[in-house]
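Please examine the sequence and the three-dimensional structure shown here.

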Amino acid sequence: MLGITGGIAAYKIPSLVRLIKKAGCEVEIIMTEASSNFVTPMTLSTLSGHEVWRDKDFDFRIPHIKLSQWAEVLVIAPCTANTLAKLAHGIADNLLTSAFSAAKCPVIIFPAMNERMYDNPSTRENIRILSERNIHIAEPLTGALACGDSGKGRMPEPEEIMHEIFRSLCPLHDMAGKHVLVTAGPTHEYIDPVRYISNPSTGKMGASMARTAWYRGADVRVIAGPVEIDSYGLDVIHVKSASDMLNAVMNNLEWSDYIIKAAAVGDYRAKEIHERKIKRGDKDTLTVELIQNPDIAAEIGKVKRENQILVGFAAETDDIESNARLKLERKNLDYILANDVLAENSGFASDMNTIRLIPRDESKPEKIISGLKNEIAYDIWSEIIAG
Ligand SMILES: Cc1cc2nc3c(=O)[nH]c(=O)nc-3n(C[C@H](O)[C@H](O)[C@H](O)COP(=O)(O)O)c2cc1C
């Protein structure tokens, strides 16, 4: 059930409705009268495939009760200062606020307004009251506001709202209170100011592990190489080289319950980083001497606590299983996820992956998990959590 109120951010809601439908969900929409000044009922009815509910429909059919019984989650986006105040004080003077009063499903509210309205003591107090009642208030973001100002009050983008919906609808929240540290993406090892050695990792597998842990309730930090990571709800720290990544991981190790090493870290770096761009010379060849980078997973393996779970990935091209087992032992990992990067639909930059999950404890069975990276992340977590 999607409630829309009279804020300028309502212009983003047609895109949200498309994403909800694309995800395979049904959506019923309740609009406040003010919201129809910002987005048309016709647009939303067309996209949702249902006539939208408005105050003219607040009649003998008691839609507020029926809709609140039907909904698995109630999302109010954008939520005005006005509607926030009504929700906090039990005022049920329209179809949306009445449906909210009757709702027993999880509720996610997206306040969106000018920063001055957001800072208003009444608004602050209303947010506090609702949060105390276990209503999830998804904090507005800081940035450019539709009124031309800049500040805190911006509604998250439709894709980000979807993350909150998925988190709410996720069948398991068994990672609540857990701290998860994920490394993701490639590293860049510079040889001069404009050139580096790297690999084609896109960070997708790490991002999927991070996002799924967040859906399941965990607090998640991601140490990412130079790739774009969808950071909504996650704490993302960007680094460039393997040495930077090692430092960032070590700084966050104490905090972590689970450490997922999904980054494709360069094994070598240039012995010398030229201060100026290397010029094309007279010779046909150029030699760059490389030295070994620290092995981040092995460094963690040396110092990790008994109750910290360390999971490594092994991107292999041959003798996959024996190489993976060797790594598992040498680095003191609890699990290794081995994949054949040369196989079709697997490995780097693919949406798909097939991995062999090998536990350190040999009494536990190995598992082959195959599918879309964001779907297999769910199964991988289930295995790891089950211990
Ligand atoms: C152009 C315009 C933009 C507005 N934008 C917002 C907004 O972003 N957030 C907000 O809380 N109120 C905003 N308002 C004020 C609300 O529309 C007003 O408080 C209205 O009564 C809200 O009704 P509702 O909560 O029933 O939808 C805006 C008003 C106008 C005229």
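**A helix across a sheet**

Helix α13 (residues 373-386) lies across β8, β13, β16, β17 (335-340), β18 and β19, and runs at about 150 degrees to β19. Helices (H or I, at least four residues) and strands (E, at least two) are DSSP runs, numbered from the N terminus. Axes are lines fitted to C-alpha atoms, for helices over the stretch in contact, and angles run from 0 to 180 degrees between N-to-C directions.

This is a predicted model, in which local features need pLDDT of at least 70 and side-chain atom pairs count only at pLDDT 80 or more, while totals for chains, interfaces and linings use all residues. Residues are numbered from 1 along each chain as its sequence is written, and side-chain values use heavy atoms, with hydrogens and water left out.

**The chain as a whole**

- The secondary structure of the protein chain comes to 13 helices and 19 strands.
- Along the principal axes, the C-alpha atoms of the protein chain fill a box of roughly 80 × 55 × 40 Å.
- Of the 387 residues of the protein chain, 49% count as buried; buried means under 20% relative accessible area, exposed over 50%, and partly exposed in between (1.4 Å probe, protein chains only).
- Contact means heavy atoms within 4.5 Å. Among contacts in the protein chain between residues at least 6 apart in sequence, 67% join residues at least 24 apart.
- The protein chain exposes about 19200 Å², and carbon and sulfur atoms supply 50% of this area. Accessible areas come from the Shrake-Rupley method with a 1.4 Å probe; for residues, only the protein chains shown count as cover.
- The protein chain carries 44 positive and 53 negative side chains, and the centres of the two sets lie 2 Å apart. Lys and Arg count as positive and Asp and Glu as negative, whereas His and the chain ends are not counted. The place of a charge is taken as NZ of Lys, CZ of Arg, CG of Asp or CD of Glu.

**The sheet of eight strands**

- An open sheet of eight strands has the order β12-β11-β8-β13-β16-β17-β18-β19, with mixed pairing. Two strands pair if DSSP finds at least two bridges between them.
- The edge strands of this sheet are β12 and β19 (367-372), each of which pairs on one side only.
- Neighbouring strands of this sheet are turned by 20 degrees against each other on average, direction ignored.
- Helix α9 (residues 204-215) packs on the sheet and touches β8, β11, β13, β16 and β18 (352-359); the direction of α9 makes about 165 degrees with that of β8.
- Strand β8 (residues 179-184) runs parallel to β11, and six bridges join the two. Here Ala 184 has Ala 224 in β11 as its bridge partner.
- Strand β11 also pairs with β12 in the parallel sense, over four bridges. In this pair, the bridge partner of Ile 223 is Ile 237 in β12.
- Strand β11 (residues 219-224) is largely enclosed by the rest of the structure, because five of its six residues are buried.
- Four bridges join β13 to strand β16 (residues 309-316), and these strands run parallel. Lys 261 stands opposite Gly 312 in β16.

**Tyr 258 in strand β13**

- Tyr 258 has its place in strand β13 (residues 258-261).
- Is Tyr 258 buried or exposed? Tyr 258 is buried, with a relative accessible area of 10%.
- The residues that Tyr 258 touches, not counting those up to four places away in sequence, include Met 175, Val 180, Ile 309 and Trp 381.
- Lys 178 is 80 residues from Tyr 258 in sequence, and the two are 7.9 Å apart in space, C-alpha to C-alpha.

**The sheet of five strands**

- Five strands form an open sheet in the order β2-β1-β3-β4-β5, with parallel pairing.
- Its edge strands are β2 (29-31) and β5 (136-137), each pairing on one side only.
- Strand β1 (residues 2-4) and strand β3 (residues 74-79) pair in the parallel sense over two bridges. The bridge partner of Gly 3 is Ile 76 in β3.
- Helix α8 (residues 158-169) packs on the sheet, touching β3, β4 (107-111) and β5, and its direction makes about 160 degrees with that of β4.

**A hairpin and a loop residue**

- Strand β9 (residues 189-192) and strand β10 (residues 195-197) pair in the antiparallel sense over three bridges, and a hairpin joins β9 to β10 through two residues.
- Glu 189 stands opposite Ile 197 in β10.
- Ser 241 is found in the loop between β12 (235-238) and α10 (242-253), and counts as buried at 15% relative accessibility.
- Ser 241 touches Thr 187, His 188 and Glu 189, not counting residues up to four places away in sequence.
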